[in-house]
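Please read these notes with the model open beside you. They are numbered so that each point can be checked in turn.

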Amino acid sequence: MKAASYFFKTYKEVPREAQTPSHILMHRAGMIQKLSSGIYSYLPLALRSLKKIETIIREELDSRGCQEVLMPAVQPGELWEESGRWNYYGPELLRFKDRKNADYCLGPTHEEVITDMVRRNLTSYKQLPLNLYQIQTKFRDEIRPRFGLMRGREFIMKDAYSFDVNEDDAKKSYKIMYDAYNAVFKRCGLEFRAVDAATGAIGGDMSHEFQVLAETGEDEILSCGSCSYSANVEKAVSGKVVEKPLKSGSKDISEVHTPGMKTVEEVASFLSLDPSMLIKTLIYLVDDKPVAVLVRGNCEANESKIQAFLGANAVAPADEETVKRVTGAEVGFAGPRGLKEGIAILVDKQIYGDTGYACGANKTDYHLTGIDPENDIKADKNGDFTFALEGDPCPHCGGTLKKFRGIEVGQVFYLGTKYSSPMKCIFIDNEGKEQTAVMGCYGIGVSRTMAAAIEQNHDDMGIIWPAAIAPFEVIVIPIQGGNDLVENTAENIYSELKKSGVDVILDDRNLRAGVKFNDADLVGYPVQIICGSRLVEQGLVEIKVRKTGEKSEVKIEEAPEVIKEMLLAL
């Protein structure tokens, strides 16, 4: 490819909404073009990178027996009604009606469609295991699209779905895909972590996220420095040991007037207590039913853990009217004693480490003191309902958890029969009995992976592509235009590299040397070959490695072989 005829243009200015390095640099490098809020066109440079990521994905999945399909982006609402997600997915699901007034949506994911596809063809256990995948455009109507491709409404995703005869085989399929994802991101040249994760709107019982480490990442990861334990903060577990309550610390329960004091800080200060000795009683709507969750005052409730613990479709803080109805008091004075009968009470396990707590009295402007959780609170369930914190002990080895920021680029889910059961994806087993297929779900954000690579690999000058997913591996830059010796040398090196399979572009634009150098650094070609008259006349060219800035001079005839060896090391 030659740059003079290539469809790209670099820019100095930055869009006002561009805040992250990937958004800024992809715009300036002429890789993406905004069409509408959260919707972008991929220009040739970006598309080349995307295709390389897709090729890596296809090679890793195909080698493990996966088969590629392509499903419609428009999905009938009746399938989502059948799975039970039509009313729970939320406003991110773009719903619309066709001319016959039938409900449809633009697919944010394809669990319903793939389950329908398989159930139409599945009859016998002999057809399983089965793993089908696609690479396709998705649409999620994000409330606040931002960060370019990092949080867009339309994006390119690889999603795969496995079907097995039983749970044991389904978990083998899960492990195969877990290993495949590790291979994919390693081949993409990214530094990443596979972390325990919450399942969210997809559902299921087990999940891992693949997080590219980057300071600009939206997600927080807690990782042990002494073992392999890593988890998203939504799923991370603290290894703190909860001791049995000290009976001697108990006091008689007293009602205390706390006028207008609704926050932990206000109540703790008024009662001369550490915030950790307050019990927050939080009212949530879990699948539209109120539930009380009790956590220490210095801890934050983790809605993802609550949702997973209860196997719920949706968890959200209750509105003021609901809080007043179930507690009898205004918001800020809820407590575990005297709640409306029938409200489930979940108690975080860390509360049982002490006695002598204070909590809301379910009476406006009043709190209770002297609470012994073991004797004074009637819990329906105990569990882990709070966020682990940096510095907490590791739950596996006791080491110290450290916080990192990451960008989620992939996630694997063990679904079980969440979709196959309500949608009746069944088969006949080897004993002639009807069974429900056991499923897994596996996604990679292809366009997001490209953006994450830039977030992790850039400097003040521009992008620093990992060679495996760079739009071009090498750029040949002739300077002193009009010099036949320079131009012929550049053309010969370009042709030789191209013949040997190197992905190379020749910058034959009639521009100043400084502009060409700046553009080469901005776009981020891993290797630059600079052909200037002084060196060429000596039979030499200069080679620059973009990642390190290291420069070297090599003989013209040796340049192609030197380049190929360099690329193997990048």
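1. Two terms come up throughout. A contact means heavy atoms within 4.5 Å. Helices (H or I, at least four residues) and strands (E, at least two) are DSSP runs, numbered from the N terminus.

2. This is a predicted model, in which local features need pLDDT of at least 70 and side-chain atom pairs count only at pLDDT 80 or more, while totals for chains, interfaces and linings use all residues. Residues are numbered from 1 along each chain as its sequence is written, and side-chain values use heavy atoms, with hydrogens and water left out.

3. The overall picture comes next. The chain has 14 helices and 31 strands, and its C-alpha atoms fill a box of roughly 95 × 65 × 50 Å along the principal axes. Of the 570 residues, 52% are buried, where buried means under 20% relative accessible area, exposed over 50%, and partly exposed in between (1.4 Å probe, protein chains only). Among contacts with a separation of 6 or more, 69% are between residues 24 or more positions apart.

4. The domain assignment gives domain 1 (14-237 + 402-454), domain 2 (254-383) and domain 3 (472-569); such bounds come from an automatic or database domain assignment. The C-alpha centres of domain 1 and domain 2 are 36 Å apart. Contacts between these two involve 9 residues of domain 1 and 9 residues of domain 2. Together they bury about 640 Å², with 43% of it on carbon and sulfur atoms. Buried area here is the accessible area (1.4 Å probe) that two parts lose on being put together, summed over both.

5. The largest one has 65 residues, and Met31, Phe185 and Trp465 have the most contacts inside it. Domain 1 and domain 3 both give residues to this core, so it lies between them. An α-helix has 3.6 residues a turn, so residues three or four places apart point the same way.

6. Thr322, Val323, Val326 and Thr327 are its buried residues. They fall within an arc of 110° seen down the axis, so they line one face of helix 8. That buried set packs against strand 14 (278-286) and strand 15 (289-296). Glu320 and Glu321 are exposed on the face turned away.

7. Now the strand pairs. Two strands pair if DSSP finds at least two bridges between them. Strand 1 (residues 32-36) and strand 2 (residues 39-42) run antiparallel and are joined by 4 bridges, with Ile39 of strand 2 as the bridge partner of Ser36. They form a hairpin with 2 residues between the strands, and Gly38 in the turn has a positive phi of about 75°.

8. Strand 6 (residues 103-106) pairs with strand 4 (residues 74-76) in the antiparallel sense over 3 bridges, and Val74 stands opposite Leu106. Strand 5 (residues 95-97) is also antiparallel to strand 6, again with 3 bridges, and Arg95 stands opposite Cys105. The hairpin of strand 5 and strand 6 has 5 residues between the strands, among them Asn101 with a positive phi near 70°.

9. Some backbone details deserve a check. Leu128 and Pro129 are joined by a cis peptide bond with omega about 5°; Pro129 lies in the loop between helix 4 (111-119) and strand 7 (130-139). Phe147, in the loop between strand 7 and strand 8 (154-164), has a positive phi near 65° without being a glycine. Phe147 counts as buried because its relative accessibility is 18%.

10. Is Met177 buried or exposed? Met177, in helix 5 (residues 167-187), counts as buried because its relative accessibility is 0%. Its contacts, not counting residues up to four places away in sequence, include Leu61, Lys158 and Tyr442.

Technical notes: A nonpolar core is a set of buried Ala, Val, Leu, Ile, Met, Phe, Trp, Tyr and Cys residues joined through side-chain atoms within 4.5 Å. The arc is that of the directions from the helix axis to the C-beta atoms.
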